[in-house]
Amino acid sequence: MDIQQLEVLCKQLYEATDVSTRGEAEKALALFVSSQDALPKCQMLLDRGNSSYAQLLAASTLTKLIQGLTIEQRIQIRSYTLSYLATRTNLQNFVVQALVTLLAKITKLGWFDDYKGELVFQNLLEDVKKFLQGSVEHCTVGVQILSQLVSEMNSIVELDAHLSFSKNRKIATSFRDLQLYETFLLSCSLLNTARENSKNINFADELQQTLMSHLLRLTKNCLSFDFIGSSTDDSADDMNNVQIPTAWRPAFLDPNTLNLFFDLYHLLPNGLSSYSISCLVQMTSVRRSLFSNSERTKFLTNLVEGVRNILTNLHGLNDPENYHEFCRLLARLKSNYQLGELIAVSCYPEAIELIAKFTVQSLHLWLFAPNSVHYLLTLWQRMVASVPYVKSPDPHLLGTYTPEVVKAYIESRIDAVPLIVRDNLEDPLDDLCMVQQQLDQLSVIERCEYNKTCRLLVQHFDVKAREYENLAQIPNSNPNDVTVLELQLTWLVYIIGSAIVGRLTVTTSDEQDTMDADLVIRVLQLISLTDTRLPQAGCEKLELAILSFLDQVRKMHSSEQAQKANIYKRLNEVFGLSDEQMLLSFINRKIITNLKFWGRSEPIISKTLMLLSDLSLHFNSVRKLARLDEIQFMLAHHTSEHFPFLGTNSSLSEMKCRTMFYTSLGRLLMFDLGEDEERFYNFLKPLTNQFEFLGTVLMETSGFPNDEAKNAVIGLARDLRGLALPLNARIQYTMLFEWLYYSEYLPIFLRAVELWAHDPAVTTPVLKLFAELVHCRTQRLSGNVSSPIGILLFREASKLICIYGNCILQLEVPYDRLYPMKLKGISICFLILKNSLGGNYVNCGIFKLYGDNTLDNVLNIFAKLILSIKQNDLLEYPKLSTSYYNFLNCLSQEHVTYLASLEPSAFVYILKTLTKGIEASDSATYIICCTILDSIVSYIFKQLQIKATTFPIKKVYNFTHETIKFLKVVEVNSELLQSMLSSLLNNVLTEDCRNQWSMSRPLLVLILLYEDYYSSLKNKIINGQPVEKQPAMVQWFDDLMRGIERNVTSKNKEK
């Protein structure tokens, strides 16, 4: 392929509008990247410079090729790239970025490479300084190189394929110690020069803006460096400390460093000034131990004064990016400094007043950068939480300003509703995660001057509830007016819930108990009002808020003991709830009402059932609930007549809630069931009726059943799975199994899977039900040696897997639907087998003894199922790989002989997947694959030992024809085991031992199995080292095998 063709293909790839043309160009260029002459042609493409796209291709191709190049070639590419960037000043930005990335990666790769006694790749900083002395364009490129280098050195997300984590960390640490501080000082020096010459620099100029942007990004990259290898995830927590090295102290003790970025914020235009605030955010987060107490006070004083100056004139805060970064800066003030230290700052009174004013304004301007409110609430939450620990004699003033913040939050949410309804704007209530996050913060803030918060909430709630009640009595009221009031009450109910749950973190007084009771009473009255309007009218968002409130009430009353009396005294006076039993009764009436009238609303049903589940989790709560008439009603009437979501006309998404419902009912039923079979079977009557209906439809007719029957199967499978979950005692579980088995209900599920094998909506619930039934949870299936339950259950589960497996293997599935239609079901089959064989309640030897082919059939289907899965798909889907490897682990630990009896193709497939597993980046997969491999190779080693012994010993160990056949398969595929030996040994040598104990056990057995291969591999590794290092390497290999005996006992493996 010549150069002109490459340029044409690049243009087609990036500019063609025809999809097929772009696809063909992409395929052709992919072949070019892997071709032998790619390296010289890349240089030719760069030299010609006719096409920016061709230059991009050349740079990206060189980046991919550097790993396989010699040190001389990499040095040449480095020098060529630097020269190219210095002489070509008119390159497109994306080309410059690609070349800069090439330089950064080649520098990182060769950081420790010695060439003629010199660490040549560590000289990049000196080379870049030449760029910094040139024109604005050259200076920009130089800064861009440094910025990309710092970012590349700090990169931990995409490790180079050949670099272990430890090697990567060594390079980053060396760079940190040798050049990072100098780079930071260099960037600050350049920024300082820009500040001093600000009168002569036009920051509106595009070139100057580009230079300043890269300079500030370089500074931020330096401050964001992972100094101690903690590998923190920035998205997980925005309050991480920056572990600045002690050597950097002079830069942070100099007040000019902080002032530099505050000054730049005021000097630079919007779009650039946010970067300076980002740098200040990082500087605010430096570790506390970097300073002495007096130094920290000076640093904090400068910081607070800078914040105060910004707040005084609100400069630049009308820009969303500036505003967001400034909110982050405010949050970091309290995350890294104690409230007492902030109070000690001389300008604290003025600063806290301005911060409060800014927060109030921000809350009212809820449409402007709503995602930034989180940081402001974080600041106030942390300050209020610190009040009990403040020892400073100076006032903290939070009692003055916190009520203003709470008032602003409440009123801004209420005032926003009419605008949202009128203009059909995006409703914050649609993002419940954000709402809950804010309410969690508000629950702490509200407790400061709590009486003011309560008075405000009562005032607003009474007004809105009265208006809502009056409007509800008007027959033809305006729907928009009703919606506005419902959404305003929704906010108030959420906020009241956060207020009462906040008492869990503080010590409350009698007065506060009374105020909490008043708030609870008002919401309970609202619940009574809204329930009377059902089913004619209802607001889903308000119902969700009420359920959230009831959950907060549940938390409050399940966590407190001493101070309930005052609350119930007030509840009894106004609402007639004299104790916790009556309150629980009210909550469960609300649960029944929701399940009856909101059956078509999945969010409400799901939230309601979650509340019921939480109530039924703890023994003390279940003991009280079991005596309630409402609970007895649910236990006796769990039918679609009373709870519509249990009907066969429900949607599939609604049916998913049924498992949780029956789990809760199961807990409540089991509380005092004991051995009362009559009561248990009475509870199962609605399910029995469903089975009888299905038995008639599925088992006695030849036609294809309708959707009603299909939905009944789905519902029953979900119901029974939910019921089986809490049956942890053997007696109650036996009742359930005997009802299913001896009433011949299990064959109905087998028939359903046979009919609807192509429909995962049916097969997935049924398979999950069997996965739960065969799970020996708390030994509920073991203990009774005279009971055949374990054998019978395994036979039914095996039938299910065989039916499903045979059907799914014949099904043609499009690739984009491969997981939901096929792989997910196979994954659950693996789980069923793992739970069955790993439960220790099935004596697998009995099948062969009595000529039962159940186990053979299911293992044969297992072999066919795994062979139908591409190995790449196996690791691509985590749930599939987890269930597959867990079952293999079970099989290899307890039933390795059955593993050895599999078809040769299946066993080879397993070895190949283990090879991929020990190369996987996931530690859990790596460890379990090592464990499986250890079991398999230990079995092979023992069988080979038996083979070499005298005849009587072979007879004792049942050395059969199948064993000889298995060893022949191992011999033919010995290269797979040898490759795993090589991989494990390579992990040791590259210091990438993620779990040394797990890895060492199969490594020892593989060495004993293939001593000749190990010896040749060892010699190859030693000879590949420099001469001066070879004696040490020989000694290490000798130490590895010192004291090792030729056996695979646990004692030998532990050496």
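**A pocket between two domains**

Because domain 2 (673-857) and domain 3 (939-1054) both contribute residues to the lining of the second largest pocket, this pocket lies between them. The model discussed here is a predicted one. Its protein chain is divided into domain 1 (239-396) as well as domain 2 and domain 3. A distance of 42 Å separates the C-alpha centres of domain 2 and domain 3.

The second largest pocket holds about 1,300 Å³ of space. Its lining comprises 43 residues, and those nearest the pocket centre are V896, T897, Y898, A900 and Y939. By class, 16 of the lining residues are nonpolar, 17 are polar and 10 are charged.

At least two residues each come from α40 (845-849), α41 (854-867), α43 (878-894), α44 (896-900), α45 (904-917), α46 (923-947), α48 (961-972) and α53 (1050-1053). Among these helices, α46 makes the greatest contribution to the lining of the second largest pocket, supplying eight residues.

A further feature of the model is a helix pair. In general, the packing of two helices is described by the angle between their axes together with the distance between those axes. Helix α18 (residues 373-386) packs against helix α19 (residues 398-423) at an angle of about 140 degrees, and their axes are 12 Å apart. Angles over 145 degrees would count as roughly antiparallel; α18 is therefore oblique to α19. The crossing of α18 and α19 is left-handed.

Key
Residues are numbered from 1 along each chain as its sequence is written. This is a predicted model: local features need pLDDT of at least 70, side-chain atom pairs count only at pLDDT 80 or more; totals for chains, interfaces and linings use all residues. Side-chain values use heavy atoms; hydrogens and water are left out. On a 1 Å grid over the protein atoms alone, a cavity is a set of points where a 1.4 Å probe fits but cannot get out, and a pocket is an open set with protein on both sides within 12 Å along at least five of seven lines; lining residues have an atom within 4 Å of a point. Grid points are joined across faces, edges and corners, and a volume is the space filled by probe spheres set on the points. Helices (H or I, at least four residues) and strands (E, at least two) are DSSP runs, numbered from the N terminus. Ala, Val, Leu, Ile, Met, Phe, Trp, Tyr, Cys and Pro count as nonpolar, Asp, Glu, Lys and Arg as charged, and the others, Gly among them, as polar. Domain bounds come from an automatic or database domain assignment. Axes are lines fitted to C-alpha atoms, for helices over the stretch in contact, and angles run from 0 to 180 degrees between N-to-C directions. Angles under 35 degrees count as roughly parallel, over 145 as roughly antiparallel, 65 to 115 as roughly perpendicular and the rest as oblique. A crossing is left-handed if the near helix is turned anticlockwise from the far one by less than a right angle, and right-handed if clockwise.
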